[in-house]
Protein chains: 2
Amino acid sequence: MLDKKLLEVLTSPPDAAVAIVTQGKDGPHVVNSWNSYAQITEDDKILFPAGRMNETEQNIQADNRVKITISNREVQGKSIKGTGFLVIGTAEFAAEGADYDTIKAKFPWARAALAIKVESAEQTL
Amino acid sequence: MLDKKLLEVLTSPPDAAVAIVTQGKDGPHVVNSWNSYAQITEDDKILFPAGRMNETEQNIQADNRVKITISNREVQGKSIKGTGFLVIGTAEFAAEGADYDTIKAKFPWARAALAIKVESAEQTL
């Protein structure tokens, strides 16, 4: 079960950008998605619809480690209103199978599901 | 003069997390700040208050290139409401001088100003 506060950050308005960071050949790479695009699977993966994300996909083929930050200004943090998480995990792109079907049902424009297996989720604020 | 849409993203509510990405020894590193914390200087640097950000500071001492994503769900993008920018630049931490004074006046808790010289700002959505 994912952290309850993380789920609150993912599901409470206002919607905020998620940063998805991978290792590129010439330095770090970052793309964004939105909190509201995240789908949680029964086995606690976080799925995002991939529109382009071509460079992210190439990067994780070489090194599948990802770091993701997820925030919400309206969710109470440790001391102030506004909190966020640093999620560390491994990622893969699925263009068929259950994760893809879950994403495709909600985001018909998605070419694949970016499926992130969570290794740690640290509340950063 | 920074892109007008970028300034709109930085100054319009709701406040959203900014992702600040640097190269670490063992992969990419990411920290967050908030849109509303960004201060724009007369020479178009983007300043953020540094609370901890110790690993970010170490990383930019070795490689001063940074990538930043900044988003706002309520600002009109190219096709949908919600847009963001990928800002690429170089960074330094200032613990004295004009940039530090600007940050310290607004964020007394800041130990330094993270000053980002913008090289490019691409509207990503």
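The side chains of B:Lys5 and B:Glu8 form a salt bridge, with 3.6 Å from N to O. The structure that holds this pair is a predicted model. Both residues belong to helix α1 (residues 4-11) of chain B, and because they sit three residues apart in that helix, about one helical turn separates them. B:Lys5 is partly exposed, with a relative accessible area of 23%, and B:Glu8 is also partly exposed, at 34%. In general, side chains of opposite charge can pair when their charged atoms come close.

A second pair in chain B reaches across the sequence. The side chains of B:Asp99 and B:Lys45 meet in a salt bridge of 2.8 Å, again taken from N to O. Here B:Asp99 lies in helix α3 (residues 98-106) of chain B and B:Lys45 in strand β4 (residues 45-50) of chain B, so the bridge ties together parts that are 54 residues apart in sequence. Are these two partners buried or exposed? The cut-off for buried is under 20% relative accessible area. B:Asp99 is buried because its relative accessible area is 13%, and B:Lys45 counts as buried at 18%. Salt bridges that share partners also join A:Asp26, B:Asp63 and B:Arg65 into one network.

B:Lys45 leads on to another residue of chain B, B:Gln39. The residues that B:Gln39 touches, leaving aside those up to four places away in sequence, are B:Lys45, B:Ile46, B:Leu47, B:Thr102, B:Ile103, B:Lys106 and B:Phe107. B:Gln39 itself is placed in strand β3 (residues 39-40) of chain B. With a relative accessibility of 15%, B:Gln39 counts as buried.

The count of salt bridges over all chains comes to 16. One of them pairs B:Asp26, in the loop between β1 (17-24) and β2 (27-34) of chain B, with A:Arg65, in strand β5 of chain A, so this pair joins two chains. The N to O distance between the side chains of B:Asp26 and A:Arg65 is 3.6 Å. B:Asp26 is exposed, with a relative accessible area of 60%, whereas A:Arg65 counts as partly exposed at 40%. Between chain A and chain B the count is four salt bridges.

How many residues of each chain take part in the contact between chain A and chain B? On the side of chain A there are 29 residues, in contact with 29 residues of chain B. Of the area that chain A buries against chain B, 28% is supplied by A:Pro28, A:Trp34 and A:Arg73, more than by any other three residues. Together the two chains bury about 2200 Å², and 54% of this area is on carbon and sulfur atoms. Seven residue pairs are in polar contact across the interface of chain A and chain B. Four strands of chain A, β1 (17-24), β2 (27-34), β5 (65-76) and β6 (81-94), are the elements that give two or more residues to the side that touches chain B. The residues on that side of chain A divide into 11 nonpolar, 12 polar and six charged.

Some details of the backbone also deserve a look. In chain A, a cis peptide bond joins A:Pro13 and A:Pro14, with omega about 0°, and A:Pro14 lies in the loop between α1 (4-11) and β1 of chain A. In chain B, the peptide bond from B:Pro13 to B:Pro14 is cis, with omega near 0°. B:Pro14 is found in the loop between α1 and β1 of chain B.

A:Asp44 is not a glycine, yet it has a positive phi of about 65°. This residue sits in the loop between β3 (39-40) and β4 (45-50) of chain A, and A:Asp44 is partly exposed, with a relative accessible area of 22%. In chain B, B:Asp44 has a positive phi of about 65° and is likewise not a glycine; B:Asp44 lies in the loop between β3 and β4 of chain B. Between the C-alpha atoms of A:Asp44 and A:Gln58, 14 residues apart along the chain, the separation is 24 Å. A:Gln58 lies in helix α2 (residues 54-62) of chain A and is exposed, with a relative accessible area of 54%.

Finally, the unreviewed UniProt entry places the feature "domain: Pyridoxamine 5'-phosphate oxidase N-terminal" at residues 3-103 of chain A. This span is 23% helix and 50% strand, and its end C-alpha atoms lie 22 Å apart.

Terms used
Residues numbered from 1 in each chain as written. Chains lettered and ligands numbered in written order. Predicted model: local features only at pLDDT ≥ 70, side-chain atom pairs only at ≥ 80, totals over all residues. Heavy atoms only, no water. UniProt positions renumbered as here; feature names shortened; annotations may be inferred. Contact = heavy atoms within 4.5 Å. Buried area = accessible area lost by both parts, 1.4 Å probe. Polar contact = N/O pair within 3.5 Å; in protein donor to acceptor, adjacent residues only side chain to side chain. Nonpolar A, V, L, I, M, F, W, Y, C, P; charged D, E, K, R; others polar. Buried < 20%, exposed > 50% of the residue type's maximum accessible area, 1.4 Å probe, protein only.
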